[in-house]
Amino acid sequence: MKKLSLSTKIIIGMILGIATGLFWGEKVGWLDIAGTAFIKLLQMAIVPYIVASLTVGIGSLTFDQAKNVAAKVGILLLITWGLGLLVFLAIPLTFPSLTTAGFFSDVTIATPPDVNYYDVYIPANPFKSLSSNYIPAVVLFCLAVGVALISIKEKETILAPLRVISSALTKVTNGVVQLMPYGVFAISASTAGTMGGEEFEKLQVYFLTHTVAALLLSFILLPFFLSAFTPFRYKDVVNISKDALLTAFITGNLFVVLPVLTENAKKLFAKYELKQDNTDNYVDVVIPVTFNFPNLGKLSCLIFILFAVWFSGGKLNLADYPFFIVGGVLSMFGSVNVAIPFLLDGLRIPQDLFQLFMVSSIVSSKFSTLLAGMHLLILTMGATSLLTGVAKIQWKRLCWAGGMVTLVVLLTLMGSRFFLQTVVKPSYALDEVLLNMQVGDRQQAGEVKVDDDLATVSLDGSSIDSILTRGVLRVGVKSDEVPFSYYNSNGDLVGFDVELMERLADQLDVKVVFFELSHDELGPAVNQGKVDIAISSLNITTKRLAKVAFTDPVLELTNSFVVRDYRKEEFNSLEKLRQHAPFTVAVSDAHPEMKKIVANSPHITFVDIESNRAFFEQKEGSYDGLLTSLEEGMAWSVLYPKYTTALYTDKKIPVGYAVAPGNLELQSFLNSWLAMERSVKSIDRLFDYWFKAEDTVPKTPRWSIARDVLHWVE
């Protein structure tokens, strides 16, 4: 083992980890702890290293070198970064269509933490920037100090200790890197043991798209870009770089090929007889200087952020792109192991996906290093050509190369999308989850009946004594109020309110009969004594309190609109809502507070509908949006995933149960009973099940060889 290279050991660690995970399954999930600890160790020295190495790299330059490098290399860096970012931003176009929706989560309405972009990008207090891991601000501080040191004669007194610190931090990092095979083993075993087939299927999308982007830039865009303003031809650039790029790909180490890249650049100038007295000197300066700046190999990791958004079913808003681009580039001055968590956190993407990045990077880093090598060579050749005056835009070649590159890129992206759409087909099953939900325990005394005939109901009162004497609890229900009361795929009446009523009947030791009624029939049925209680997401409003009596609120829901996915941006703020073109909003229940908010928007027309389903099954163009609660809206969007929720407000909707006016005994009893159910967390448990879909799918152990083949464990 001692004779093996580190990269070979890492690959062995990954293979053994995957094999261990497949063999033992979830039994090795605990290795996630070791993997997380390794990641923390790997990040330990990164930020201090940025401070030391970047300051030394810039501060060691002479004024003339800095001026020339800033002018020439800076322009080339910006152009090549731009080309790379254009390709990266186009990559999501290749992702296969993903049908997404989600049940309600507390995170949905949680106020995202305010990001102070001044702190992120401007190091007003460098020590705060360091402690808070504001990488862009740290980089800006180092660049400023490095530039300031250029003109200071006694700079060696500060640069020498920084070089020592940089060397020490490099040794620390290298020491931790020696643990990489073990860390990779732990992460691979944990991931392979717990990752589902659907997640692995999605991960293929990242592998393919990252590889396509790296190869496009390495062998199409960058070489053609260089040939457009220098005498060097595409074929010569690719030929002279292939040995170095192959070495970089195999080893996954850019540093080891720097001398080879330097010699290759010099050889190409010599082959074209373009060598001048200072050509070699410029090559020797440009390579180590540009090595300190983010190369396209590093920046290609931004594809993972775009993949993570798709993987988690999210979407980058227009306002997120400045942070993604600027924050992404500046954070890559450091390690990707710090940059990726920083970007995941800033874009509100689950941090758990970072471990997925660590596993996938074992393969993708090979292509990243290959791209980094070509980018460094192109920067060196281009900057040296500009500095020695041999650069000249070849307009004919530029037009030809531009057309060829555009065609190749478009065809490649279209081919990748077609391939992914054909091969990777993530299934959508959330609607089945909702339709297969069951009332937890239907063991109560008596039976559950659903009736729609009130004609035979005796008007014998709705007091507690009457209910106990007759042995039946009569409940008025709307049967199309997902997830409060609805029919599942087995034809059973289920839902949050239904289960609470069955729980009440069980505790009273009586039967329960549900009478299906329309919205308008619920109030009269309660008032006439034909049903004891009316349920199904009844909003408590002042006007309704004048007609029926309500219990204390069972839940407080959040106002929201439901719209087609592609129209969410039109409804994401009150300002846009009020400035919108005329549109029609469907409403199946009373929402006085929300209507009051948009009351000064005369172009909004509210239309009453019998149930929310009428909106989702509308004739195209009948309604632009649906006004409902966020919690209900998200449940409906699970059944109709082409719709989504938008514009949540802090105006709550109290919902409760209706009883006859003056029936203080039953009202008081229900309030006390609800308080008791809250104290034993029953309402919270039912809310988590019916609205958040927690514990809806029985958790079965992940398939493993030890359990399913050898039967060593249960």
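Q: If contact means heavy atoms within 4.5 Å, which residues does Phe-304 touch, not counting residues up to four places away in sequence?

A: The model is predicted, so local features need pLDDT of at least 70 and side-chain atom pairs count only at pLDDT 80 or more, although totals for chains, interfaces and linings use all residues. Residues are numbered from 1 along each chain as its sequence is written, and side-chain values use heavy atoms, without hydrogens and water. On that basis, Phe-304 touches Tyr-206, Ile-340, Leu-353, Leu-356, Phe-357 and Ser-360, once residues up to four places away in sequence are set aside.

Q: How many residues make up the largest nonpolar core, and which of them touch the most other members?

A: In soluble globular proteins, nonpolar side chains tend to be buried together. A nonpolar core is a set of buried (under 20% relative accessible area; exposed is over 50%, partly exposed in between; 1.4 Å probe, protein chains only) Ala, Val, Leu, Ile, Met, Phe, Trp, Tyr and Cys residues joined through side-chain atoms within 4.5 Å. Here the largest such core holds 122 residues, of which Phe-304, Phe-307 and Ile-340 touch the most other members. Helix H19, residues 353-388, gives the largest share of this core, namely 19 residues. A second, separate core has 62 residues, including Leu-493, Val-498, Leu-555 and Ala-635.

Q: At what angle do H2 and H19 pack?

A: Helices (H or I, at least four residues) and strands (E, at least two) are DSSP runs, numbered from the N terminus. Helix H2, residues 31-43, packs against H19 at an angle of about 80°, and their axes lie 11 Å apart. H2 brings Asp-32, Thr-36, Phe-38, Ile-39, Leu-42 and Gln-43 to this contact, while H19 brings Phe-354, Gln-355 and Met-358. The axes are lines fitted to C-alpha atoms over the stretch in contact, with angles from 0 to 180 degrees between N-to-C directions.

Q: Is Gly-146 buried or exposed?

A: Gly-146 sits in helix H8, residues 135-150, and is buried, with a relative accessible area of 0%. Leaving aside neighbours within four places in sequence, Gly-146 is in contact with Thr-55, Ile-58 and Gly-59.

Q: Which residues of H20 are buried?

A: In H20 the buried residues are Arg-397, Ala-401, Val-405, Val-409, Leu-413, Ser-416 and Leu-420.

Q: How many helices and strands are there in the protein, and what percentage of its residues count as buried?

A: The protein has 32 helices and 14 strands, and of its 714 residues 52% count as buried. Its C-alpha trace spans about 110 × 65 × 50 Å along the principal axes. Among contacts between residues at least 6 apart in sequence, 80% join residues at least 24 apart.

Terms used:
Contact = heavy atoms within 4.5 Å.
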